[in-house]
Amino acid sequence: MADSLLVLLSHRDDDAPFWRKVALAAGGSFEIAKNAEELQAKTKASSYPLIIWDWGAPHFLADKNWKANFLNCGKAIQAKFSPNQVYVLTEGSLNENLQAHAEVVGKSLRMYGSNIVRAYDATSEVFYTALLKSAFKKCPLELLQYFPESTKSQVITLKKAAHREAAVRAVESFLVKTNLDERMASKVSQAVEELLMNAIMNAYREAWGQDPKLTQIGYSPTGDFDDKHPVEIEIAVTGQYVGLAVRDYFGSLNPNIFIEHLIRPLHSSDYRIPKSEGASLGFYKIYSSGLSILLAYQDKVSTSAMLFFPNLKSHREFKSSFHFASCVRNK
Amino acid sequence: MLQIEKNKDKNRMAYVLKGTIDENDDLPKLFGRPMQPVVVDCGSLKSINSLGIRSWINYFNSLPRKDIPLSFVNVPVFLVEQFNMLKDFGCGGTVESLMIPFRCSACGTGFSVVRTVNTIKKGDDISVPPEKCAKSGCSGNAAFDDLIDEFFMFLRR
């Protein structure tokens, strides 16, 4: 029995067959809404959690009454569902998506929508199905829920800041042994280094600032971590795609910083060196490299920064394959 | 950890970079203050993290560009991605040569080949002719293994 409904607001012929297959494979049902009125009607008729693709569809926004329609849809959705029962997928930027989502579903979100680039092939079908299946799970932080059930993972636990470089080399070496292309393994290991720097150097500061408790628990961003705050790397590999998670136990992620840093036009505009110690380039560097990124977090509990990419030899094919960024919050 | 070899190259000072660049590398100390044109050989560089990028931009932007022309040679594939990602990564310098990724259609081997910018860019046109596979015993042809518009974006600025 279907336990979610994917409503398609699409303007492209290739969307319907792809998202119908994904919705059904994820155990949901599928409907097409040609305009805001239809979306409202389908929302009212549904008793399932909703997934809406593509919220930013041009024909939806082109309607002269789009703002009123938009808010009416929002009212219909809010009357029917709680925020954690609605997941919006869009090809638009995360910032716009977040604003739209907040207006329609309310600000108390469990989920932020995804920025998904259309690249419809067999791997993206399998992966987006896993992504949708996980959208309404209670805990979106676990890497393996984005993989087929039989998939095993490897975990590396860091207990000292000094382990960072060795861990990055271990990830690269592991990926090469799984037959991944060396260029790809190098790219991914550099992305892991960025996520480790966030987990080791920034997460504690964002959680506690200069709180004196920091010294009491024995956590040091340059020395030993305390027992409750190790940093973990988890890797899972299938023939179709690969995923890695870097997990900290501070749960201090600020989604606005992620979104602000992720998509910036620094390839065409000036980079200003921040006054703080960091470079504010980590997420941007990762997303620009073509890797997909999913940040899942639970306040004061944990943050899992996950990377996904298709398991391909050809870099040209990798660049043309699925690519998304998303930020989800577990309450 | 970054290591730098300094060599005099005609009227230029050549800096050969080896290893990795991160927050522990003091670029002003490692490079010093050059007084003549600078050529940076990046061929043996393995990685640069975001804090390394910050140091890189800080250092190379501190050189007086009018008096000290800056060029980069043997730029590896991962560093090309930084030139594309950040408009300011070149700090006003010029990329003279870079490593171009290929993949053999017969055996699947990936490898890179150094090419000067002049050989791949003619006016506004950029093209990468196929190469013979670099793997011994394979006679296959290898094609450019990336997207032209993305990989050479920095050359179109």
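**Exercise 1.** How many residue pairs are in polar contact across the interface of chain B and chain A?

*Solution.* Keep in mind that this is a predicted model.

- Start with the count: the rule finds 25 residue pairs in polar contact across the interface of chain B and chain A, both residues at pLDDT 80 or more.
- Next, see where chain B's side comes from. The elements that give two or more residues to the side touching chain A are strand 3 (38–48), helix 2 (50–61), helix 3 (77–85), strand 6, strand 11 and helix 5 (148–151) of chain B.
- Then sort that side by class: 14 residues are nonpolar, six are polar and 12 are charged.
- Charged residues bring us to salt bridges. The rule finds eight of them across this interface. One to look up is the pair A:Lys187 and B:Glu81, whose side chains meet at 3.0 Å, N to O.

**Exercise 2.** Work out what area is buried between chain B and chain A, and which residues of chain B lose the most.

*Solution.* 

- Contacts come first: 32 residues of chain B touch 33 residues of chain A.
- Now the area. About 2600 Å² is buried between the two chains, with carbon and sulfur atoms giving 50% of it.

**Exercise 3.** Trace the open sheet of four strands in chain B and find its edges.

*Solution.* 

- Write down the order, which is 7-6-11-10, with antiparallel pairing.
- Look at the two ends. Strand 7 (110–116) and strand 10 (131–132) each have a single partner strand, so one side of each has no neighbour in the sheet.
- Zoom in on one pairing: strand 6 (residues 97–104) and strand 11 (residues 141–144) are joined by three bridges. To see where B:Phe102 pairs in strand 11, go to B:Phe144, its bridge partner.

**Exercise 4.** A:Asn179 and B:Cys91 both have a positive phi. Is each one buried or exposed?

*Solution.* 

- A bit of background: most residues other than glycine have a negative phi.
- Take A:Asn179, with phi near 80°. You'll find A:Asn179 in the loop between helix 7 (164–177) and helix 8 (182–208) of chain A. Exposed means over 50% relative accessible area; A:Asn179 has 54%, so it counts as exposed.
- Now B:Cys91, with phi of about 50°. B:Cys91 sits in the loop between helix 3 and strand 5 (94–95) of chain B. Buried means under 20%; B:Cys91 has 6%, so it counts as buried.

Definitions and conventions. Residues are numbered from 1 along each chain as its sequence is written. Chains are lettered from A and ligands numbered from 1 in the order in which they are written. This is a predicted model: local features need pLDDT of at least 70, side-chain atom pairs count only at pLDDT 80 or more; totals for chains, interfaces and linings use all residues. Side-chain values use heavy atoms; hydrogens and water are left out. Two strands pair if DSSP finds at least two bridges between them. Contact means heavy atoms within 4.5 Å. Buried area is the accessible area (1.4 Å probe) that two parts lose on being put together, summed over both. A salt bridge is a side-chain nitrogen of Lys or Arg within 4 Å of a carboxyl oxygen of Asp or Glu. A polar contact is a pair of N or O atoms within 3.5 Å; within protein, one must be able to donate a hydrogen and the other to accept it, and residues adjacent in sequence count only if both atoms are side-chain atoms. Ala, Val, Leu, Ile, Met, Phe, Trp, Tyr, Cys and Pro count as nonpolar, Asp, Glu, Lys and Arg as charged, and the others, Gly among them, as polar. Buried means under 20% relative accessible area, exposed over 50%, partly exposed in between (1.4 Å probe, protein chains only).
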